[in-house]
Amino acid sequence: MPRICLNVLVGIPGSGKTTYCQQIVALPNRKFEVVHICYDSCIKIDANYDTFRDTTGLYKIQRQKLLSYVEMIILSLKELDEQKLKEVAARWREEFEHELIISTASMSSHIVFLIDDNNYYRSMRKEWQKIASKLSIGYFETFFDTGLSIAVQRNQQRAQSINEQVIYQMWMRLEKPCGKLYHREQDVITIEDSVDYERVVGQIQYCFEHPLERAAVQTMVAEPMEQSKVHKIDIILRKIISKQIVAVKDCMSKQEVQGFAQILQERRKCILEQLRACELNVPDELLPNAVEELF
């Protein structure tokens, strides 16, 4: 049976995700197959902008459909079912009008699936984590911590650039991976400049050998966090938000700054709610530094 790993990419447009995928595919003497799942090729928002704009929830439906197809493909591989794999690949081609590069020969190899999307919300990554846990396959994230100005500059050099406003919006909404607060995000490779592909290959091999286990059913209910501790974290969060807003004032319009501030406040409220419900399992002394990493 082939060993399978999901490598979920996280980063705004222009951060280097596509180049990363191309380099992984081109690695000499690699000992695993690569399946590149590129959202832009499967969910063509630009070509069907009016349809996505006018149909409520269509984008979310398409994303969920893609998730389901990838799950079916992985099941086919794990079950060594060549006929099922061919059928799902044919349905994929019809559904997304895009050829998925995978063959039945992959069943005799280890396989890494490159999930090439922005994945800027933690909830987006959580869906892939659920699949990895459900199917007992490897999982790790590659986070492209690229500066906004660099991403915008790279976008301008593209043959088909996207609206810069989209990049700004994703940058503002990006929820950075944080293994200190979210245990499923402990296996993360962060890329700031160049990529250490030897390290990436090592992580892929590690995940082949250490698949995620099914999440255990939680029977004990955690005690809510004391209000005084929540209040202390809230003060820290407010200071972090103030610093973030000051840092962008010179490069954003007044309206953009106001929008950014609103997004940060929504993130602050979400973190406080998770703390009150004890959903973030981290020692109290580590919380201040951990929450700062979320911004």
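**Briefing on the predicted model**

Strand 1 (residues 4–10) pairs with strand 4 (residues 138–144) in the parallel sense, over 6 bridges. Two strands are said to pair if DSSP finds at least two bridges between them; strands (E, at least two residues) and helices (H or I, at least four residues) are DSSP runs numbered from the N terminus. This is a predicted model, in which local features need pLDDT of at least 70 and side-chain atom pairs count only at pLDDT 80 or more, while totals for chains, interfaces and linings use all residues. Residues are numbered from 1 along each chain as its sequence is written, and side-chain values use heavy atoms, with hydrogens and water left out.

**The sheet**

- Val10 has Phe143 of strand 4 as its bridge partner.
- An open sheet is formed by 5 strands in the order 2-3-1-4-5, with parallel pairing.
- The edges are held by strand 2 and strand 5 (188–191); each has a single partner strand, so one side of each is left without a neighbour in the sheet.
- On average, neighbouring strands of this sheet are turned by 20° against each other, direction ignored.

**Helix 4**

- Helix 4 (residues 58–78) has 21 residues and reaches 30 Å from its first C-alpha to its last, close to the 30 Å expected at 1.5 Å a residue. The expected span is 1.5 Å times one less than the number of residues.
- This helix lies across strand 1, strand 2 and strand 3, and runs at about 175° to strand 3. Axes are lines fitted to C-alpha atoms, for helices over the stretch in contact, and angles run from 0 to 180 degrees between N-to-C directions.

**Loop residues with positive phi**

- Asn29 is placed in the loop between helix 1 (17–25) and strand 2 (33–38). Its phi is near 60°, a positive value in a residue other than glycine.
- Asn29 is exposed, with a relative accessible area of 73%. Exposed means over 50% relative accessible area, buried under 20%, and partly exposed in between (1.4 Å probe, protein chains only).
- Glu97 is found in the loop between helix 5 (82–96) and strand 3 (111–116). Although not a glycine, Glu97 has a positive phi of about 50°, and this residue is exposed at a relative accessible area of 66%.

**A buried arginine**

- Arg268 lies in helix 11 (residues 254–276) and counts as buried at 8% relative accessibility.
- Leaving aside neighbours within four places in sequence, Arg268 is in contact (heavy atoms within 4.5 Å) with Asp234, Leu237, Arg238 and Ile241.
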